[in-house]
Amino acid sequence: MKKTLLIALTTLLFIACKHELEKPTWDVDMITPISNTSLNINNIITDSTTIINEDIEGFISLVYQESLLNVNYDSLLLLETTSEETTIKIDSVDFDDVVIEHIITIGSVINEIPFGTILFPDGSQRDIPSMPGIIQNDTINIDASEYFETMTLYNGMLNIDLTNEYPTNISNISFSLYNATNQNLIATFSTPLIESGETYTESVSVARETLDHLMIGIINNMDVDASNGLVPINYTDAIITKISITEIKIMEATAYFPNQLLHEENVEESFELGNARLTEIRIKTGSVIINAVSTLPDTGTIIYAIPSLTKNGITFKTEVKVPPNTNGEPTQFTFSFDGYIMDLTGKDGRVGGDTVNTIYATLAAYLDSTGELETIHQVDSFYLFNEYFFTPEYAKGYIGQDTLAFGPETIETDV
């Protein structure tokens with residue numbers, strides 16, 4: 001029984017005092033990967049001046065580069081020049097001739113004779129008697145208003161052409177020309193004889209004269225000589241008087257100026273390149289600047305061409321309008337020559353043969369017409385010059401220098 005009691009007490013003890021089992025703990029040293037990547041030589045060497053090359057077998061070569069010397073070869077071939085200044089004064093311009101005609105028919109003379117149309121009918125054959133002084137103080141009104149209002153010349157020629165279409169000679173001709181407004185005598189002409197079918201011509205200078213648009217021509221005297229037998233009477237036969245003003249160069253004029261060629265020239269411009277001798281360049285960058293000042297009352301036109309400058313086989317040519325300018329500041333026109341090829345041998349067929357370092361150009365300057373009366377003075381002018389700037393892409397010829405010296409110089413690197 002004691003044995004039974006011991007077993008019972010032991011069982012009760014375990015049931016009444018049961019404990020939780022303690023969890024075991026331990027420390028472990030462990031290495032575990034947290035990221036994954038790869039590095040190569042490009043990650044190690046980050047210097048931008050070092051070039052890394054790898055061949056097919058995996059061998060790596062490092063190339064270090066550093067700028068040791070900067071040479072701008074463009075500066076060796078920089079072409080710059082300014083053309084000679086051209087001043088075109090209005091007094092150097094030749095203006096169009098002024099031409100006016102007046103006709104005196106034989107019919108008009110016969111009508112002035114009593115019973116003239118009965119004695120000398122049109123289409124008849126008649127002896128013409130001597131008629132001295134048949135024309136005296138006959139006035140010819142000359143209207144030049146379609147050309148000008150007034151014109152003061154420092155040079156000019158007044159020309160008269162008298163053509164005798166009468167069937168007999170005329171003689172003792174005297175002719176005078178006056179300004180209508182102030183009756184100032186401009187010129188006189190005279191000749192003793194103009195045979196039938198002939199023309200008499202005479203010219204006098206009108207330099208320093210002021211001409212009005214209204215002038216009066218007076219035939220002071222004209223004799224009709226007797227015919228040599230019967231002659232045909234044709235009322236349309238006439239004495240034709242032609243008055244012209246030529247070689248006009250003005251001091252001042254108020255006129256309807258037509259389009260005028262003021263100046264035209266062919267020029268060769270040379271570049272100062274030391275001892276270089278160039279025959280052709282292709283222009284990398286370049287331009288020409290046309291500078292123009294016009295004090296003329298009308299717009300001017302410049303036509304500028306460089307036959308030796310081409311792009312895609314097309315020659316450079318331009319036309320620009322130059323407005324009147326009174327402040328003295330030039331109007332500028334700029335043209336790009338990028339990509340053009342320039343022949344520097346001068347004008348084709350030039351006297352003396354080809355040259356070097358030379359550009360050939362043509363220039364024409366015009367005065368445009370407004371169709372209105374404009375006043376121009378002797379001091380009015382057209383002034384212009386050109387500026388050239390070229391940097392070649394290549395050049396043909398002799399550069400003139402083959403040794404360049406630099407330094408000494410110390411260059412620090414960060415390799």
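Reply: Ring pairs join Tyr304, Phe316, Phe335, Phe337, Tyr340, Tyr388 and Phe390 into a cluster. Rings of Phe, Tyr and Trp (its six-membered ring) pair if their centres lie within 6.5 Å; planes under 30 degrees apart are stacked, over 60 edge-to-face, and the rest tilted. The model is predicted: local features need pLDDT of at least 70 and side-chain atom pairs 80 or more, whereas totals for chains, interfaces and linings use all residues. Residues are numbered from 1 along each chain as its sequence is written, and side-chain values use heavy atoms, leaving out hydrogens and water.

Me: How many aromatic pairs does a search of the whole structure find, and how is a pair of aromatic rings described?

Reply: A pair is described by the distance of the centres and the angle of the planes. The search of the whole structure finds 9 aromatic pairs. One of them, phenylalanine 175 with phenylalanine 189, is tilted, at 6.3 Å centre to centre and 45° between the planes. Phenylalanine 175 belongs to strand S9 (residues 170-179) and phenylalanine 189 to strand S10, so the pair ties together parts 14 residues apart in sequence; strands (E, at least two residues) and helices (H or I, at least four) are DSSP runs numbered from the N terminus.

Me: Is phenylalanine 175 buried or exposed?

Reply: Buried means under 20% relative accessible area, exposed over 50%, and partly exposed in between (1.4 Å probe, protein chains only). Phenylalanine 175 is buried, at 2%, and phenylalanine 189 is also buried, at 5%. For phenylalanine 316 and tyrosine 340, the ring centres are 6.4 Å apart and the planes at 85°, so this pair is edge-to-face.

Me: In what order do the 4 strands of the open sheet lie?

Reply: Two strands pair if DSSP finds at least two bridges between them. The order is S7-S13-S9-S10, with antiparallel pairing. Strand S7 (131-143) and strand S10 (185-194) are the edge strands, each pairing on one side only. S7 is joined to strand S13 (residues 214-224) by 9 bridges.

Me: Which residues line the largest cavity?

Reply: On a 1 Å grid over the protein atoms alone, a cavity is a set of points where a 1.4 Å probe fits but cannot get out; lining residues have an atom within 4 Å of a point. The lining consists of Ile106, Val109, Ile110, Ile113, Phe120, Ile128, Met131, Tyr166, Val224 and Ile233. Helix H3 (residues 106-111) gives the most to this lining, with 3 residues.

Key: 1 Å grid on protein atoms, 1.4 Å probe; cavity = no way out; pocket = protein on both sides within 12 Å on 5 of 7 lines; lining within 4 Å.
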